[in-house]
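Have the model open while you read.

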Amino acid sequence: MRRLAAAAALGGLLAAAGAVAFAFAQAPARPAASAAPVVTTLTIFAGAAEGLWRSRDWGGSWERVQGAQGGAAPSGAVRSIHPLGPRVYVGAERQVLVSDDFGETWTALSVPGLVLAVLPSRYPQADSTLFVGTTEGLLKSPDAGRSFDRPALPGIPVSRLEWPGPALVVATGRGVMV
């Protein structure tokens with residue numbers, strides 16, 4: 001009787017194992033990962049004369065940032081980089097580039113003059129203001145770069161921007177202005 005119970009238990013166990021094996025065989029294959037995952041705490045960016053570089057391992061290795069399938073990509077001298085979570089602003093040559101996925105894809109915003117500085121609001125969820133310093137003056141966008149107001153300080157190069165509080169501090173070709 002004991003042998004019969006043991007054989008029945010063993011048969012049940014083998015049947016369960018067979019059912020599990022059958023289920024795995026019938027399950028659809030998992031899709032292969034198409035790109036390395038972005039680990040936000042390890043991702044950093046660096047600008048250079050020849051473009052934008054990204055490290056996914058806190059500077060252990062670097063890759064040049066490219067556009068995805070013919071899309072925009074930072075090219076030329078990169079002078080300003082501002083990562084704000086998944087959103088990254090880059091000032092490169094005569095354009096501001098925006099990425100909403102840690103630099104995987106980019107949207108180019110055309111601006112007049114050579115881009116020298118880019119400064120988004122430090123509270124992007126509540127305030128979508130974006131300032132851009134160019135060789136042609138200071139640009140302000142109320143909507144994260146979708147549109148720009150007329151240049152402030154027209155004809156004066158703006159090379160650095162700081163926004164410590166309600167006042168905007170601007171380093172220009174004619175000195176520091178607040």
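## R56 and its partner

R56 is partly exposed at 24% relative accessible area (buried is under 20%, exposed over 50%, partly exposed in between, with a 1.4 Å probe and protein chains only). Its side chain meets that of E63 in a salt bridge, 2.8 Å from N to O (the criterion is a Lys or Arg side-chain nitrogen within 4 Å of an Asp or Glu carboxyl oxygen). E63 is partly exposed too, at 29%.

A note on ground rules: this is a predicted model, where local features need pLDDT of at least 70, side-chain atom pairs need 80 or more, and totals for chains, interfaces and linings use all residues. Residues count from 1 along each chain as its sequence is written, and side-chain values use heavy atoms, leaving out hydrogens and water.

R54, R56, E63 and E104 are linked in a salt-bridge network. E104 and R54 meet at 3.3 Å, N to O. E104 sits in the loop between β6 and β7 and R54 in strand β2, so the pair ties together parts 50 residues apart in sequence (strands are DSSP E runs of at least two residues, numbered from the N terminus). R54 is buried at 6%, while E104 is partly exposed at 25%.

## A three-stranded sheet

Elsewhere, an open antiparallel sheet runs in the order β11-β12-β13 (strands pair if DSSP finds at least two bridges between them). Its edge strands are β11 (158–162) and β13 (175–177). Strand β12 (169–172) pairs with β13 over 3 bridges, and V170 stands opposite M177 in β13.

Terms used
Helix = DSSP H or I, 4+ residues; strand = E, 2+ residues; numbered from the N terminus.
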